[in-house]
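The following note is meant to be read beside the sequence and the structure. Please keep both in view while going through the numbered points.

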Amino acid sequence: MSTENALLTILAEKIKNDSLVLPTLPEIAIRVREAADDPDVNLHQMADVISHDPALSARMLKIANSAYMGRSVKVTTINQAVTRIGLRQIKNIATALAMEQLFVSKNDVVKAALDKVWSLTVSVSAVAMALLKHYISRNKHTSLNLDTITLAAMVHNIGVLPILTEAERHPDVFANPEFLEGAIARLAGRVGGSIMRAWEFGPEFVSVAERWNDKRYEPEDISYIDFVRVAAIYADVLPVEGDKADAYAQYVDKGIMTDLDYIDSDEFKEQVAIAKAIFAD
């Protein structure tokens with residue numbers, strides 16, 4: 001058996017037996033989520049939790065002052081940032097911003113692979129966020145919200161992390177990028193779903209992580225997975241047969257976009273850039 005087939009067998013067996021080592025949610029994200037789930041927490045207490053992590057504090061200030069939030073008056077303190085973003089949204093926004101902490105490795109080859117995955121994740125997230133923002137502007141009473149798509153898009157490909165970690169133990173595998181891409185395409189969804197369940201995330205996150213690239217699965221109603229899929233097509237992460245316009249057409253029919261012209265418009269590209277700037281250092 002080749003090294004590649006052996007690794008695939010190992011991964012499949014570990015997934016089946018729930019023995020694959022899954023990444024843990026960043027500590028600061030855990031603290032924020034626990035605080036947000038406390039019915040008695042107030043804005044000042046939440047700000048205090050966030051202030052203990054300088055990197056997250058800086059990012060929260062950045063998003064609070066960003067064009068994405070649509071505010072012109074600058075805030076300068078974490079208390080003000082939390083007030084602007086809101087307690088309901090802070091849980092998912094803070095978790096999404098903490099995700100970058102997971103895409104690290106001391107192995108140069110693995111680090112390069114993770115950097116690529118992170119870059120594509122940010123691209124997909126920015127497009128999905130811009131699409132949903134436009135959708136909400138046309139559908140005021142939708143139950144879909146921006147903080148959820150921000151986190152859902154950021155974790156949509158989280159399943160690649162344990163696969164790359166496992167592959168790191170088999171250096172020969174990295175000589176064949178095509179194999180790695182194939183292994184990720186076949187297994188990352190199942191692993192991603194396992195991670196979401198282990199982190200006790202809601203069903204919308206499990207669905208996105210587990211089934212975003214499963215073309216056999218088509219939700220009847222408009223859901224977060226639709227926005228992630230359009231974004232993945234746009235970012236050349238989800239391959240399609242033929243022209244992209246043909247792939248987009250079904251999402252126009254579904255109501256995700258008003259027409260095919262929007263995704264090529266300057267307005268849309270500007271909104272993508274605004275969303276993407278949130279994740280820039």
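Predicted model: local features only at pLDDT ≥ 70, side-chain atom pairs only at ≥ 80, totals over all residues.

1. Leaving aside residues up to four places away in sequence, E210 touches G189, G193 and R197. E210 itself belongs to helix α11. Is E210 buried, partly exposed or exposed? Its relative accessibility is 26%, and E210 therefore counts as partly exposed, since that class lies between 20% and 50%. E210 and K16 are separated by 194 residues in sequence, yet their C-alpha atoms are 15 Å apart in space.

2. The protein chain has an average pLDDT of 89, and 98% of the residues score at least 70. Where is confidence lowest, and where is it highest? The lowest mean, 76, belongs to helix α1 (residues 3-16), whereas the highest, 97, belongs to helix α12 (residues 224-234).

3. Helix α10 (residues 177-198) and helix α11 (residues 203-211) pack with their axes 6 Å apart, at an angle of about 160 degrees. The two helices are therefore roughly antiparallel to each other, because an angle over 145 degrees is counted in that way. On the side of α10, the contact is made by A188, G189, G192, G193, M196 and R197. On the side of α11, the contributors are F205, V206, A209 and E210. The crossing of α10 past α11 is right-handed.

4. The connection between these two helices also deserves attention. E200 is located in the loop between α10 and α11. Although E200 is not a glycine, its phi is positive, at about 60 degrees. In general, most residues other than glycine have a negative phi. E200 is exposed, because its relative accessible area is 72% and the cut-off for exposure is over 50%.

5. A second residue of this kind is D236. Its place is in the loop between α12 and α13 (244-254). D236 has a positive phi of about 60 degrees and is not a glycine. With a relative accessible area of 59%, D236 is exposed.

6. F227 may be examined individually. Not counting residues up to four places away in sequence, F227 touches A128, L131, L132, Y135, L144, I149, I222 and I256. Several of these names return in the meeting of α7 with α12. There, V124, V127, A128, L131, L132 and Y135 of α7 meet Y224, F227, V228, V230, A231, A232 and Y234 of α12.

7. How are α7 and α12 arranged relative to each other? Their axes come within 8 Å and cross at roughly 130 degrees. That angle makes α7 oblique to α12. The crossing of α7 and α12 is right-handed.

8. Helix α8 (residues 146-154) is mostly covered, with eight of its nine residues buried. The buried residues are D147, T148, I149, T150, L151, A152, A153 and M154. Which helices do they pack against? Their partners are α2 (27-36), α6 (87-98), α7, α11 and α12. I149 of this group is also one of the residues touched by F227.

9. T121 touches A153, M154 and H156, not counting residues up to four places away in sequence. Both A153 and M154 are among the buried residues of α8. T121 has a relative accessible area of 2% and is therefore buried, the cut-off being under 20%.

10. E34 lies in helix α2. Is E34 buried or exposed? Its relative accessible area is 55%, and E34 therefore counts as exposed. E34 and T148 are 114 residues apart in sequence, with a C-alpha to C-alpha distance of 17 Å in space. T148 is one of the buried residues of α8.

Note on methods
Residues numbered from 1 in each chain as written. Heavy atoms only, no water. pLDDT = per-residue confidence, 0-100. Helix = DSSP H or I, 4+ residues; strand = E, 2+ residues; numbered from the N terminus. Contact = heavy atoms within 4.5 Å. Axes fitted to C-alpha atoms, helices over the stretch in contact; angles between N-to-C directions. Parallel < 35°, antiparallel > 145°, perpendicular 65-115°, else oblique. Left-handed = near helix turned anticlockwise from the far one by under 90°. Buried < 20%, exposed > 50% of the residue type's maximum accessible area, 1.4 Å probe, protein only.
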